[in-house]
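Subject: Structure handover

Dear colleague,

I am passing on the structure we spoke about, with notes on what turned up in it below. Please read them with the sequence and the coordinates open beside you.

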Amino acid sequence: MFAMCADPKALEGLAWMLCYLTSGTHMLFYASFGTVLGLLAVTAPAALLLGFLGALAARSPVAPLRWIGRTYAAIVRGVPDVVFFLFVPIALDQGIEWLRSRVLCDPSVPVRQGNEFVVCAAAKMPLSTSPEWVHDLYGIALAVAAFAFVFGAFAANVLYGAMGAVPRAQLETAEAYGMTPRQIDRRILIPQMWTYALPGLSNLWMILIKATPLLFLLGVEDIVYWARELGGSKTSTYAYPHGDWRVWYFLALLGFYLGMTWVSQRIIDRMAARLSRGQATMAGEAIRKAGTTA
Amino acid sequence: MNQCLQTIADYGLRSIGIGERLLPRTDFTLCQQFTLIGSGLIWNLYFVALSLTFGFVLANGLALAKASRNPWLRCPANGFIFVFRGSPLFIQFFLAYSALVLLPRDGVQLFGLSLSTGWLTRAWAGALIVLTLNTAAYSAEIFHGALMNVPKGDLEAADAYGMTGWKRFRRIVWPTMMRLAWPAYTNEAIFLFHATTLVFFSAFPAIQQMGDSLYYASYFADKTFNPFVAYPIVAGYFILLTLCLIGLFGVVNRRLNRHLPGAAKPLRYRPNLFR
């Protein structure tokens with residue numbers, strides 16, 4: 001990066017450190033923080049949407065839909081999330097390839113041959129001819145699907161509870177005004193449920209942040225991957241030889257996550273105050289009182 | 001059937017190194033998968049039982065320290081809880097492992113005694129320490145919340161009886177604190193149980209393929225390219241054991257609430273995994 005870094009062997013002290021921390025692989029390490037933040041940015045809305053659909057399904061008057069919604073929420077809660085992180089990507093990948101193989105390949109050839117899962121080249125996902133970044137992106141997309149699946153179930157729980165917590169009288173009033181069920185959902189239920197959902201959702205956000213290092217298990221080159229790669233001891237054949245520095249890299253990751261959760265907590269506290277405004281809850285009452293005396 | 005019994009004899013204790021040394025490589029039967037994955041559960045149970053026990057004691061101390069007026073007690077407790085609750089368990093495992101590996105190989109000399117350190121990098125000790133500290137932090141937060149919610153009337157009644165200090169704490173404050181904290185603590189125990197599956201997927205190596213249930217499940221899934229058998233088996237085992245855990249905690253809950261009329265409601269099955 002800097003001109004002086006051309007010959008790392010000649011460097012010492014601070015200059016060495018500066019060059020070391022700006023080397024090419026370190027740039028990839030810093031970029032992987034972006035991967036984590038990007039995953040959070042994509043997963044959180046996806047999980048919320050899935051949770052929303054799950055909660056609506058669990059409240060649906062149609063029995064099969066209700067069963068699906070409730071089973072979805074119940075199963076994911078009872079099983080370690082790691083199991084799903086390992087299961088969903090493979091299952092999804094094989095499901096996609098199986099569907100494609102039924103269309104694109106000879107359907108008479110079975111996909112499972114003993115211990116092998118074989119599809120013809122045309123049905124591979126992504127195609128073996130496609131460039132490297134498509135493979136990476138596909139891997140990340142599968143990871144996002146796994147995260148959204150697990151956290152969608154958690155969110156479905158929270159939102160289902162929150163919908164139940166909206167005072168019944170509010171909904172009855174809406175009925176008395178002659179609103180249709182759909183209007184009630186849209187105008188009364190959903191705007192009011194957020195204050196009840198926020199504690200659960202903020203908890204969920206914290207868990208989601210703390211689940212992001214599990215990306216490593218899915219084979220994504222994330223921050224844990226790079227921390228292990230860069231921290232491992234390097235012999236003098238490398239440009240920047242050093243001992244086993246993994247502990248420092250993981251300390252940095254620890255600091256990163258502590259910062260993330262700390263900042264999130266501050267923002268959540270503000271949102272809670274904002275959402276409590278005008279609500280018939282204790283917090284809302286406290287805000288109202290503070291407003292009138294001031 | 002007999003073949004399956006033989007498999008159980010061979011692999012039932014494989015996860016702790018007893019029985020057949022080589023794992024099955026081809027022609028996996030359902031029996032083999034059930035046996036090996038079940039054998040791995042020994043580790044999950046070991047981790048959850050010991051870390052819950054040690055963590056419980058530590059969490060009580062931390063909760064009291066957090067509630068203390070003395071800043072020398074309060075600030076370290078707050079810091080400890082913040083660090084362990086604010087960072088991922090996965091990273092804690094990696095950090096602990098990479099720090100423990102740095103300890104000198106041939107032991108530490110302390111007051112003329114030579115303490116060996118190699119065992120600390122093994123999962124049974126290293127991961128147990130991390131899990132204990134982690135659950136202690138989460139439980140301390142739960143216990144602290146319960147401690148703050150002990151009814152004022154209880155304390156006044158204790159004062160009226162002339163109870164002070166340790167006696168008041170042991171007979172009034174602590175039982176009420178436990179009673180209030182128990183439902184949340186049950187959730188924490190379930191979460192911890194589920195978190196034990198992370199041990200062999202983080203830094204700690206499974207020496208001689210002695211791993212936990214998820215380790216064997218992923219072994220089968222990798223070998224057969226079929227995730228639809230091994231992972232549901234783990235899931236089934238975990239749901240069963242989670243129900244047992246809830247039953248166990250429900251017994252304690254009933255005992256804690258036995259003096260309250262109509263409070264012996266069973267704990268609801270709501271392992272909603274929120275810490």
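In chain B, the stretch 228-252 is 100% helix and 0% strand, and its end C-alpha atoms lie 37 Å apart. Please keep in mind throughout that this is a predicted model. That stretch is one of the spans that UniProt, in an unreviewed entry, annotates as "transmembrane region", the others in chain B being residues 43-65, 77-103, 123-143 and 189-208. For residues 43-65 of chain B the end C-alpha atoms lie 32 Å apart, and this span too is 100% helix and 0% strand.

As for chain B as a whole, it has nine helices and two strands, which follow one another along the sequence in the pattern α-α-α-α-β-β-α-α-α-α-α. Its C-alpha atoms fill a box of roughly 70 × 55 × 30 Å along the principal axes, and of its 275 residues 40% are buried. If one takes the contacts in chain B between residues at least 6 apart in sequence, 71% of them join residues at least 24 apart.

Two residues of chain B may deserve a look at the backbone. Gln208(B), which is not a glycine, has a positive phi near 50 degrees, and its place is in the loop between helix H7 (165-195) and helix H8 (213-224) of chain B. Because Gln208(B) has 9 C-beta neighbours inside 10 Å, and 12 or fewer is the cut-off, it counts as exposed. Phe225(B), likewise a residue other than glycine, has a positive phi near 55 degrees and lies in the loop between H8 and helix H9 (227-256) of chain B. Phe225(B) has 14 C-beta neighbours inside 10 Å and therefore counts as partly exposed.

Turning to chain A, its secondary structure comes to 10 helices and two strands, in the order α-α-α-α-β-β-α-α-α-α-α-α along the sequence. The radius of gyration of chain A is 25 Å, whereas the globule rule gives 19 Å for 294 residues, so the chain is more spread out than a compact globule. The box filled by the C-alpha atoms of chain A is roughly 80 × 70 × 30 Å along the principal axes, and 30% of the 294 residues count as buried. Among the contacts in chain A between residues at least 6 apart in sequence, 64% join residues at least 24 apart.

The two chains touch each other through 34 residues of chain A and 35 residues of chain B. On the side of chain A, the elements that each supply at least two residues include helix H3 (63-78), helix H4 (81-104), strand E2 (116-117) and helix H5 (132-165). H9(A) gives the most to this side, with 10 residues, and the residues of chain A that touch chain B divide into 22 nonpolar, seven polar and five charged.

Finally, there is the nonpolar core. The largest one has 131 residues, of which Phe84(A), Ala155(A), Leu159(A) and Phe93(B) touch the most other members, and the largest share of this core, 19 residues, comes from H5(A). Leaving aside residues up to four places away in sequence, Phe84(A) touches Val76(A), Val79(A), Ala146(A), Phe149(A) and Val150(A).

With best wishes

Terms used:
Residues are numbered from 1 along each chain as its sequence is written. Chains are lettered from A and ligands numbered from 1 in the order in which they are written. This is a predicted model: local features need pLDDT of at least 70, side-chain atom pairs count only at pLDDT 80 or more; totals for chains, interfaces and linings use all residues. Helices (H or I, at least four residues) and strands (E, at least two) are DSSP runs, numbered from the N terminus. The radius of gyration is taken over C-alpha atoms; the globule rule is 2.2 Å times the number of residues to the power 0.38. A residue is buried if 20 or more other C-beta atoms lie within 10 Å of its own, exposed if 12 or fewer, and partly exposed in between; C-beta atoms are placed from the backbone. Two residues are in contact if their C-beta atoms, placed from the backbone, lie within 7 Å. Ala, Val, Leu, Ile, Met, Phe, Trp, Tyr, Cys and Pro count as nonpolar, Asp, Glu, Lys and Arg as charged, and the others, Gly among them, as polar. A nonpolar core is a set of buried Ala, Val, Leu, Ile, Met, Phe, Trp, Tyr and Cys residues joined through C-beta atoms within 7 Å. UniProt positions are given in the numbering used here, feature names are shortened, and annotations may be inferred rather than shown by experiment.
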